[in-house]
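Visitor: I'd like to learn how to read a protein model feature by feature. Could you walk me through one?

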Amino acid sequence: MSREWDRISKDERAIIAPYLEHVPVKVASIARELGIEVKSATLRPRISGQIQRSDLSPSGYRIRVNRHETPSRQRFTIAHEIAHYLLHREQIGDGIEDSILYRSTLSDTREAEANRLGAQLLMPEASVIRTLRELGGRPTTEIARIMAERYDVSESAMSIRLGLS
Ligand SMILES: [Zn+2]
């Protein structure tokens, strides 16, 4: 797993790890088990998602995701916002809003961390290696397409994960 994974608390890793055994990974369930409410909503144009304080959520945070984007894109956004919660909780303040390019008021370094951990949650390393082996071992665009479907992520996200782009 990534170095971001090692930065998460042991308790949170224990909650998340079982979900990484089954694909497509149920990211909304991970959020809920961490006590984060997840809602799809109509957000401002060019905003993919946000994480904000919420007194109604057990964790004190809620995620809203742009319901007008594709389901696989929404899954990536949820994973990205979970990553902000896990890695950057102290910096969330009044809320973080992510553009369609996953940029926010946080630094590009923080955004890259959230993208890396988000990708790890949706396409866990051990599972990806196992599936790739099962499909012949060598990543190609065709394999990326098959695996994108299996993991319910976009083809571009899977291509990046497989080192194809
Ligand atoms: Zn972000």
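Guide: Happy to; we'll take aromatic pairs, then a metal site, then a helix. Keep in mind that this is a predicted model.

Visitor: How many aromatic pairs does a search of the whole structure find?

Guide: The search finds two. Ring pairs are classed by the angle between their planes, with over 60 degrees counting as edge-to-face. Tyr61 and Tyr85 are edge-to-face because their planes stand at 70°, with the ring centres 5.6 Å apart. Tyr61 belongs to strand β3 and Tyr85 to helix α4, 24 residues apart, so this pair links distant parts of the chain.

Visitor: Are Tyr61 and Tyr85 buried or exposed?

Guide: Both are buried. Each ring also has a charged neighbour: the charged end of Arg53 sits over the ring of Tyr61, 4.5 Å from its centre, while Arg89 lies over the face of Tyr85, 3.8 Å from the ring centre.

Visitor: And what about Phe76 and Tyr102?

Guide: Theirs is a tilted pair, with 5.5 Å from centre to centre and 55° between the planes. Phe76 is in helix α4 and Tyr102 in the loop between β4 and α5, so the pair ties together parts that are 26 residues apart in sequence. Phe76 and Tyr102 are buried.

Visitor: Now the metal. Which residues coordinate the zinc ion?

Guide: For a metal site, begin with the donor atoms and then look at the angles. Here the zinc ion is coordinated by NE2 of His80, NE2 of His84, two OD contacts from Asp98 and two OE contacts from Glu111, at 2.0 to 2.8 Å. Along the sequence, the donor residues follow the spacing H-x3-H-x13-D-x12-E. His80 lies in helix α4 and Glu111 in helix α5, so the two tie together parts that are 31 residues apart in sequence. Both His80 and Glu111 are buried.

Visitor: Why is the arrangement around the zinc ion irregular?

Guide: The reason is in the angles: the six donor atoms subtend 51 to 152°, which makes the arrangement irregular. To count as octahedral, six donors would need opposite ones over 155 degrees apart.

Visitor: Last, the helix. Which residues of α6 are buried?

Guide: They are Ser127, Val128, Thr131 and Leu132. Looking down the axis of α6, you find the buried residues within an arc of 130°, so they line one face of the helix. The face turned away from that buried side carries the exposed residues Ala126, Arg133 and Glu134. What covers the buried residues includes α7. Just after α6, Gly136 takes a positive phi of about 120°.

Note on methods:
Residues numbered from 1 in each chain as written. Predicted model: local features only at pLDDT ≥ 70, side-chain atom pairs only at ≥ 80, totals over all residues. Heavy atoms only, no water. Phe/Tyr/Trp six-rings, centres within 6.5 Å; stacked < 30°, edge-to-face > 60°. Helix = DSSP H or I, 4+ residues; strand = E, 2+ residues; numbered from the N terminus. Buried < 20%, exposed > 50% of the residue type's maximum accessible area, 1.4 Å probe, protein only. Lys NZ or Arg CZ within 6 Å of the ring centre and 35° of its normal. Donors = N, O, S within 2.8 Å, 3.2 Å for Na, K, Ca; no water. Tetrahedral: all angles 85-135°; square planar, octahedral: opposite > 155°, others 65-115°. Arc of directions from axis to C-beta. Contact = heavy atoms within 4.5 Å.
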